[in-house]
Amino acid sequence: PGVVAAPDMRGLALGAADAPDAFLTYRAGETAAQILAIAGSSAGAVAALAGALAARLPGRALGITNEPEESLVCTALRDAGWRETLRQHEMICELA
């Protein structure tokens with residue numbers, strides 16, 4: 001419900017509306033876009049969707065949070081032409 005209520009939320013889907021092969025939700029401004037959720041049934045579906053988003057938002061910086069480096073999503077986004085400009089590192093502190 002919260003996602004649906006957001007006035008600036010956009011979405012893309014690949015495949016049938018009732019059972020998409022891949023989907024994503026995002027927010028976009030003039031210079032940047034933030035992916036809030038992305039999922040797909042295969043690497044090919046995620047890659048096709050990432051390519052569609054890249055074509056829709058040319059030249060904008062992209063943000064995605066908490067996505068593992070080795071995920072299909074990161075590979076698809078790099079293949080679509082986006083480059084990483086900021087990386088989040090996990091910090092571990094062992095308490096004795």
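These legends walk through several close-up views of one predicted protein model.

Some housekeeping: residues are numbered from 1 along each chain as its sequence is written, and because this is a predicted model, local features need pLDDT of at least 70, side-chain atom pairs count only at pLDDT 80 or more, and totals for chains, interfaces and linings use all residues. Side-chain values use heavy atoms, with hydrogens and water left out.

**View 1. The whole protein, before we zoom in.**
Here you'll find 3 helices and 4 strands. Helices (H or I, at least four residues) and strands (E, at least two) are DSSP runs, numbered from the N terminus. Read from the N terminus on, the order of the elements is α-β-β-β-α-β-α. Picture a box of roughly 55 × 30 × 30 Å along the principal axes: that's what the C-alpha atoms fill. The protein has 96 residues, and 25% of them count as buried. Buried means under 20% relative accessible area, exposed means over 50%, and partly exposed is in between (1.4 Å probe, protein chains only). Take the contacts (heavy atoms within 4.5 Å) between residues at least 6 apart in sequence: 46% of these join residues at least 24 apart.

**View 2. Helix 2 against helix 3.**
Helix 2 covers residues 43–56 and helix 3 covers residues 72–79; they pack at an angle of about 45°, and their axes are 8 Å apart. That angle makes helix 2 oblique to helix 3. For the record, axes are lines fitted to C-alpha atoms, for helices over the stretch in contact, and angles run from 0 to 180 degrees between N-to-C directions. Angles under 35 degrees count as roughly parallel, over 145 as roughly antiparallel, 65 to 115 as roughly perpendicular, and the rest as oblique. Who meets whom? Ala-43, Val-46, Ala-47 and Ala-50 come from helix 2, and they meet Leu-72, Val-73, Ala-76 and Leu-77 from helix 3. Sort the residues of this contact and you get 8 nonpolar, no polar and no charged. In this sorting, Ala, Val, Leu, Ile, Met, Phe, Trp, Tyr, Cys and Pro count as nonpolar, Asp, Glu, Lys and Arg as charged, and the others, Gly among them, as polar.

**View 3. Ser-71 and Cys-74.**
Ser-71 sits in the loop between strand 4 (61–64) and helix 3, while Cys-74 belongs to helix 3 itself. Ser-71 is buried, at 12% relative accessible area, and Cys-74 counts as buried too, at 13% relative accessibility. Look for the backbone nitrogen of Cys-74: a polar atom of the Ser-71 side chain lies 3.2 Å from it. Leave out residues up to four places away in sequence, and Cys-74 touches Glu-67, Pro-68 and Glu-69. Leu-12 is 62 residues from Cys-74 along the chain, and their C-alpha atoms are separated by 17 Å.

**View 4. Gly-63 in strand 4.**
Gly-63 is part of strand 4, and with a relative accessible area of 16% it is buried. Skip its neighbours within four places in sequence, and Gly-63 is in contact with Ala-33, Gln-34 and Ile-35. Ala-28 is 35 residues from Gly-63 in sequence, and the two are 10.0 Å apart in space, C-alpha to C-alpha.

**View 5. Asn-66 in the loop.**
You'll spot Asn-66 in the loop between strand 4 and helix 3. Is Asn-66 buried or exposed? Asn-66 is exposed, with a relative accessible area of 57%.

Notes: Polar contact = N/O pair within 3.5 Å; in protein donor to acceptor, adjacent residues only side chain to side chain.
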